[in-house]
Amino acid sequence: GLAGRAASSFDGRRGLVVSPAHAAYGIVTRDDPQSMPRLAKLFERGRVVETISDWTGKPYASIYRAEGTPHVVPQKIVGARLGDAIELIGYDGARGGSRIALTLYWRSIVETREDLTVFVHLTGATRLIVQDDARPGHGAYPTPRWKPGQVIIDEYRLSIPNDAPKGAYQIEIGMYNLETGAR
């Protein structure tokens with residue numbers, strides 16, 4: 001069915017991989033309600049080309065054809081290079097009570113064999129308050145699979161503990177090699 005074209009997979013419930021060229025996405029919409037709206041926002045000319053129903057006739061999945069250049073515009077532009085292979089384009093952030101949601105926008109510049117872990121740390125004046133460290137897509141799309149030009153939209157959640165000291169906090173974002181600890 002792919003007619004010799006390359007394919008890759010990832011869990012759209014934890015992130016999204018945006019190809020720089022025309023691409024088709026197969027999305028299990030029954031389990032993943034967020035990828036379709038994200039794709040529609042990123043690709044203004046994109047469209048659903050097929051809807052697949054389950055055995056009861058209810059919509060199960062869709063095939064989305066991404067057309068044109070993706071419109072990737074994070075709330076906060078960072079433009080930080082991590083070595084020669086990866087760029088943190090920027091992030092979206094939202095806070096609700098004691099919860100912080102961050103959506104990170106990474107760009108793959110060149111292929112890398114290094115399997116990197118993302119860290120998102122909330123720090124106070126003197127210590128680490130809470131962290132969410134995981135391979136990109138919480139393991140769904142590790143860095144050795146990244147292709148040049150792809151944008152990886154990656155989500156992280158922080159819950160501030162009730163006993164956290166009052167005061168100003170800072171969020172630190174980066175990547176490290178889990179085996180060596182090198183950032």
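In the predicted model, Arg183 lies over the face of Phe119, at 4.1 Å from the ring centre; a charge is taken to sit over a ring if NZ of Lys or CZ of Arg is within 6 Å of the ring centre and within 35 degrees of the ring normal. Local features of this predicted model need pLDDT of at least 70, side-chain atom pairs count only at pLDDT 80 or more, and totals for chains, interfaces and linings use all residues. Residues are numbered from 1 along each chain as its sequence is written, and side-chain values use heavy atoms, with hydrogens and water left out.

The structure holds 2 aromatic pairs, defined by rings of Phe, Tyr or Trp (its six-membered ring) with centres within 6.5 Å, where planes under 30 degrees apart count as stacked, over 60 as edge-to-face and the rest as tilted. Phe10 and Tyr141 form an edge-to-face pair, at 6.1 Å centre to centre and 75° between the planes. This pair links distant parts of the chain, 131 residues apart: Phe10 belongs to the segment before β1 (15–18), and Tyr141 to the loop between β9 (128–134) and β10 (151–159). Strands are DSSP runs (E, at least two residues), numbered from the N terminus. Phe10 is partly exposed, with a relative accessible area of 26%, whereas Tyr141 is buried, at 2%; buried means under 20% relative accessible area, exposed over 50%, and partly exposed in between (1.4 Å probe, protein chains only).

The rings of Phe119 and Tyr176 form a tilted pair, because their planes meet at 35°, with the centres 6.1 Å apart. Phe119 lies in strand β8 (residues 116–123) and Tyr176 in strand β11 (residues 170–177), so parts 57 residues apart in sequence are tied together. Phe119 is buried at 5% relative accessibility, and Tyr176 is buried at 15%.

Notes
Helices (H or I, at least four residues) and strands (E, at least two) are DSSP runs, numbered from the N terminus.
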